[in-house]
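Here is a friendly walk through a structure, written for someone who would like to look at its side chains one by one. Keep the viewer open as you read.

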Amino acid sequence: METATETATGAVTEAAGRQHQEGRQRRRQARGERRIAQLLDAAAAVFCRTGYTAASTNAIAREAGVSPGTLYQFFPNKEAIAIGLGDHLLRQWQESQGRALAGENIGLPLAEMLDAALDPLIAFNLENPAFGVLLHGPDTPGPIAQECSAVHDASLTRIEEMIAGYLPDGLPDERTRTANMLLALFKAGLDLIMSHEGAERQAYIAELKTAMFRYLKPLLDGNTSAD
């Protein structure tokens, strides 16, 4: 029969074993997460260089500095990598959009509101060029295209809500048209911004803000916050 001391010792040993096993599992999980991040970064670089269709898992593995076998431990094929990267970028985009279209920006003078709304979105796209390549490309995998469509619809809804903050008496159809025009202006301006660098890029950022200001100013002339 075990003594109380032996029972207590056994319990301590068992608990220590569990803690050791849990610690190993956490370390393995952390290593796995780092490897996944490494592979997604490599995929982003390859997609930017070649586009999604021309990219290969071998090229992504080379970019990450790992063997194809290591890549396949985490992703079964190129589409799975693209979906993982798309999910990651969409989460980051939604965070940037949350800052850009925050409620506290409603009511700012028009020029300040445009700075507050556009700067985070432009910065995100400049820091993550794979976002446009992957999510807006002609060969975007179906699941990513569906998610992107949902995010697009949510963006339009939020822009309409901000417009309503400036034009509370505006008709819903008018707000929808205005939101669609603003989103189209942003996409067109972003293409020019992304294709230039340095001072020329900054000039196109200023041009985009000027175009939006001149489009919105006549609509908001009756509102003192537009000054």
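N125 has its place in helix 5; helices here (H or I, at least four residues) and strands (E, at least two) are DSSP runs, numbered from the N terminus. With a relative accessible area of 4%, N125 is buried, where buried means under 20% relative accessible area, exposed over 50%, and partly exposed in between, with a 1.4 Å probe and protein chains only. Leaving aside residues up to four places away in sequence, N125 touches W93, F131, F186, L190 and M194; contact means heavy atoms within 4.5 Å.

A word on the source: this is a predicted model, in which local features need pLDDT of at least 70 and side-chain atom pairs count only at pLDDT 80 or more, while totals for chains, interfaces and linings use all residues. Residues are numbered from 1 along each chain as its sequence is written, and side-chain values use heavy atoms, with hydrogens and water left out.

## The aromatic neighbours

The whole structure has 4 aromatic pairs, and W93 with F131 makes a stacked one, at 5.1 Å centre to centre and 25° between the planes. Rings of Phe, Tyr and Trp (its six-membered ring) pair if their centres lie within 6.5 Å; planes under 30 degrees apart count as stacked, over 60 as edge-to-face and the rest as tilted.

Why does this pair tie together parts that are 38 residues apart in sequence? W93 lies in helix 4 (residues 78-100), whereas F131 belongs to helix 6 (residues 129-135). Both W93 and F131 are buried, and together with F124 they form one aromatic cluster.

## Helix 4

Helix 4 has 23 residues and reaches 32 Å from its first C-alpha to its last, close to the 33 Å expected at 1.5 Å a residue; the expected span is 1.5 Å times one less than the number of residues. Its buried residues include I81, L85, L89 and W93. An α-helix has 3.6 residues a turn, so residues three or four places apart point the same way.

At the start of helix 4, a side-chain oxygen of N77 comes to within 3.3 Å of the backbone nitrogen of E79. K78 is among the buried residues of this helix, and its charged end sits over the ring of Y52, 4.5 Å from the ring centre. A charge sits over a ring if NZ of Lys or CZ of Arg is within 6 Å of the ring centre and within 35 degrees of the ring normal.

## Helix 7 and the cysteines

Helix 7 (residues 142-166) has 25 residues and reaches 37 Å between its first and last C-alpha, close to the expected 36 Å. Among its buried residues are C148, V151, I159 and Y166. The cover over the buried residues of helix 7 includes helix 4, helix 5 (110-127), helix 6, helix 8 (172-194) and helix 9 (198-220).

C148 is buried at a relative accessible area of 14%, whereas C48 is partly exposed at 33%. The whole structure holds 0 disulfides, a disulfide being a pair of cysteine sulfur atoms within 2.5 Å.

## The whole protein

The protein comes to 9 helices and 0 strands. Of its 227 residues, 36% count as buried. Residues 24 or more positions apart account for 68% of the contacts with a separation of 6 or more.

L220, in helix 9, is buried with a relative accessible area of 4%. The C-alpha atoms of L220 and L167 are 7.2 Å apart, though 53 residues separate them along the chain.

Key
Polar contact = N/O pair within 3.5 Å; in protein donor to acceptor, adjacent residues only side chain to side chain.
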